[in-house]
Amino acid sequence: MPETATPASASTPQEAETTTALGKRSIVLVGMMGAGKSTIGRRLSVRLRLPFLDADTEIEAAAGMSIPDIFEAHGEPKFRDGEARVIARLLDSGPAVIATGGGAFMREETRSRIGIKAVSIWLKADADIIMRRVKRRADRPLLQTADPAATVGRLMSEREPLYQRADLTIWSRDVPHEKIVDECIEGLHALLCGGAAKEIPDRRGAT
Ligand code: S3P
């Protein structure tokens, strides 16, 4: 079920122009577990007056079971097939802001659907930030290993070359969430309404 945004204030011209320029396309957030895709996506949807959809939640609803249970009962390949089907359906229901699970963008078919029906944003984060955030939850089957930090490092090196194909890259870091959302909107506006920012400058050192 989409979460419908209830905006607290009027949109800025930049937000309104971005939503208009998107037309029927969605915004899809990709990136590693713990990068903040759901947290930022939810806030971005409010600012752009679009529904928010979380692919992991939709997969769980479609399967009637949790992601760890899907992995345990059916294995990762079946989870990936279901994930691709659910994301295809969500893209057909756009426009929306869609947060995807960290492995979804690895599948060629899903990347090409996203390329046609959406604008993609890679929320990029350093390994130490990812590790700090993923430690808060124990519901990620891929991290139930003897050395989760090594697993995160391996997944990052396998996945980053593909995440890099997203239309925009935004650095996710420990600053107020609204700052990351501002940068997403700034990047989307430049991409869709003029300018051509593919990557908003790395502002990790800035306050
Ligand atoms: C996965 C990430 C998870 C979830 C599943 C697999 C991955 O989503 O889809 O546990 O392969 O990176 P989040 O990225 O939202 O944690």
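## Burial and salt bridges in a predicted chain

Of the 207 residues in the chain, 46% are buried, where buried means under 20% relative accessible area, exposed means over 50% and partly exposed lies in between, with a 1.4 Å probe and protein chains only. This is a predicted model, in which local features need pLDDT of at least 70 and side-chain atom pairs count only at pLDDT 80 or more, whereas totals for chains, interfaces and linings use all residues. Residues are numbered from 1 along each chain as its sequence is written, and side-chain values use heavy atoms, with hydrogens and water left out.

The chain has nine helices and five strands, assigned as DSSP runs (H or I, at least four residues, for helices; E, at least two, for strands) and numbered from the N terminus. Read from the N terminus on, the elements follow the order α-β-α-β-α-α-α-β-α-β-α-α-β-α. Among contacts (heavy atoms within 4.5 Å) with a separation of 6 or more, 77% are accounted for by residues 24 or more positions apart. The accessible surface of the chain comes to about 10,000 Å², and 53% of this belongs to carbon and sulfur atoms, the areas coming from the Shrake-Rupley method with a 1.4 Å probe and, for residues, with only the protein chains shown counting as cover.

Helix α7, residues 127–134, gives a local view of burial: its buried residues are Ile-129, Ile-130, Met-131, Arg-133 and Val-134, and what covers them includes α8 (148–163).

Charged side chains form 16 salt bridges, a salt bridge being a side-chain nitrogen of Lys or Arg within 4 Å of a carboxyl oxygen of Asp or Glu. One of them joins Glu-83 to Arg-80, with the closest N and O atoms 2.9 Å apart; both residues lie in helix α5 (residues 76–92), three residues apart, about one turn of the helix. Glu-83 counts as buried because its relative accessibility is 3%, and Arg-80, at 14%, counts as buried as well.

Another salt bridge, between the side chains of Glu-183 and Arg-173, has an N to O distance of 2.8 Å. Glu-183 lies in helix α9 (residues 177–193) and Arg-173 in the loop between β5 (168–171) and α9, so the pair ties together parts that are ten residues apart in sequence. Both Glu-183 and Arg-173 are buried.

The side chains of Arg-107 and Glu-109 also meet in a salt bridge, at 3.3 Å from N to O; here Arg-107 is partly exposed at 27% relative accessibility, and Glu-109 is partly exposed with a relative accessible area of 35%. Finally, salt bridges link Glu-15, Arg-43, Arg-47, Glu-178 and Asp-182 in a network.
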